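Me: Hi! Could you walk me through this protein? I'm new to reading structures.

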Amino acid sequence: MKTTVVGSYPKPKWLLEILNMYGEGKIDKSLMEEAYMDSVKSVVKDHEIAGVDIIWDGEMRREEMVSYFAERIDGFKIYGEVRVWGNAYYPKPSIVSELEYREKLVIDDFLYLKSITDRNIKVPITGAYTIVDWSFNEYYLKREEAIYALAEVLNREFRGLVRVGANYIQLDEPAIPTHPEELEIAKNAVEIMVKGIRAYIGMHICYGDYRAIFPDILDFKVDQIDFEFANRKFEDLKILEDYDYDKDLGFGCIDVHSKTVESVEEVKRAIKMALDIVEPDQLYVDPDCGLKLLPRNIAFEKLRVMVKATNEVKKEFDL
Ligand SMILES: [Zn+2]
């Protein structure tokens with residue numbers, strides 16, 4: 001039984017200030033770089049103090065989870081911001097030519113993190129299905145062609161990651177449960193992404209109706225699926241039970257949309273429910289999703305409670 005994070009973490013307030021200054025041309029690139037590195041150190045320290053077993057760098061360099069990658073892969077163009085969900089805007093990329101590998105996406109972030117912590121590291125990266133689903137496609141005749149081409153690009157990055165020592169990769173695929181009619185395409189894309197990759201593969205999915213993707217999701221070539229459960233009061237655990245869930249389980253048990261910090265007791269209760277479905281060594285306890293939208297002190301407290309609850313359950317069960 002291990003504790004981990006999904007990926008993002010609140011950026012330190014000073015980093016946001018420095019990012020603004022950098023945007024206005026008031027500071028140079030070397031200062032910006034130093035700020036990124038210091039912010040990763042502070043995130044790592046938060047995770048270490050909280051006691052999380054498997055960590056990531058909090059995604060300090062990513063503004064969001066699609067355009068960050070689109071900007072670094074040939075074939076994408078970013079036109080500008082589009083409106084999503086009411087008043088939220090994001091820079092929606094468009095595929096305008098063949099998708100090709102251009103430069104490292106997260107390898108340097110992994111290496112930097114590895115140089116500053118002894119903790120186990122997980123590398124989360126947005127999957128091909130989600131990136132294409134959240135982009136326009138003006139080039140490929142069929143949507144699946146774009147998805148498979150991008151999956152090849154990501155496969156190359158994964159090969160590079162494994163070469164430098166990464167052993168746990170997480171595909172972030174929140175778009176998958178929103179299109180159950182395309183599960184076959186998403187499944188093929190995963191197979192392309194993980195082809196020849198000797199690493200533990202997790203897949204994080206959130207939102208959408210989980211029942212609509214069962215049982216087919218169990219055929220995906222991943223070691224672990226990470227679901228959000230706290231947000232829906234753990235009702236979806238029933239789905240796993242109904243379908244004899246047999247993969248490792250990423251168990252989202254901290255609500256990332258609520259500023260109320262869970263009690264140790266309620267998280268312990270949740271973990272025990274998960275242990276009715278999988279064995280302890282199949283269980284990865286984590287928050288529902290990235291923590292970036294919470295105030296940092298609350299995100300930190302939630303991680304602390306999560307670890308404490310996990311440790312207490314371990315003790316009670318003699319694990
Ligand atoms: Zn998520």
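**A chat about strands and zinc**

Reply: Happy to! This is a predicted model. Let's start with strand S11: Asp-248, Gly-250 and Gly-252 point one way, Leu-249 and Phe-251 point the other way, and all of them are buried.

Me: Where do side chains go in a regular strand?

Reply: In a regular strand, they alternate between the two faces of the sheet.

Me: OK, and how many residues of S11 are buried?

Reply: Five of its five residues, which are 248–252.

Me: Which way does S10 pair with S11, parallel or antiparallel?

Reply: Parallel, over five bridges. Gly-250 in S11 is the bridge partner of Asp-226. Between S10 and S11 the chain passes through helix H8 (residues 237–242), and this β-α-β crossover is right-handed.

Me: And how do S11 and S12 pair?

Reply: They pair in the parallel sense over four bridges. Here Phe-251 has Val-285 in S12 as its bridge partner. The chain crosses from S11 to S12 through helix H9 (residues 264–275), again as a right-handed β-α-β crossover.

Me: Switching topic: what are the protein donors of the zinc ion?

Reply: They are His-204 (NE2), Cys-206 (SG) and Cys-289 (SG), lying 2.1 to 2.2 Å from the zinc ion. Their spacing along the chain is H-x1-C-x82-C. His-204 sits in strand S9 and Cys-289 in the loop between strand S12 and helix H10, 85 residues apart.

Me: Is His-204 buried or exposed?

Reply: Buried, because its relative accessibility is 3%. Cys-289 counts as buried too, at 17%.

Me: Last one: which residues make the nonpolar surface patch?

Reply: Tyr-79, Val-96 and Phe-136 make it, and it covers about 270 Å². Tyr-79 lies in strand S3 and is partly exposed, at 48% relative accessible area.

Key. Residues are numbered from 1 along each chain as its sequence is written. This is a predicted model: local features need pLDDT of at least 70, side-chain atom pairs count only at pLDDT 80 or more; totals for chains, interfaces and linings use all residues. Side-chain values use heavy atoms; hydrogens and water are left out. Patches are made of residues with over 30% relative accessible area and no salt bridge: like charges are joined within 9 Å, nonpolar side chains (Val, Leu, Ile, Met, Phe, Trp, Tyr) within 5 Å. Accessible areas come from the Shrake-Rupley method with a 1.4 Å probe; for residues, only the protein chains shown count as cover. A salt bridge is a side-chain nitrogen of Lys or Arg within 4 Å of a carboxyl oxygen of Asp or Glu. Helices (H or I, at least four residues) and strands (E, at least two) are DSSP runs, numbered from the N terminus. Buried means under 20% relative accessible area, exposed over 50%, partly exposed in between (1.4 Å probe, protein chains only). Donors are N, O and S atoms within 2.8 Å of the metal (3.2 Å for Na, K and Ca); water is not among the atoms, so sites may look incomplete. Two strands pair if DSSP finds at least two bridges between them. A crossover is right-handed if, with the strands pointing away from the viewer, the path from the first strand over the helix to the second runs clockwise.
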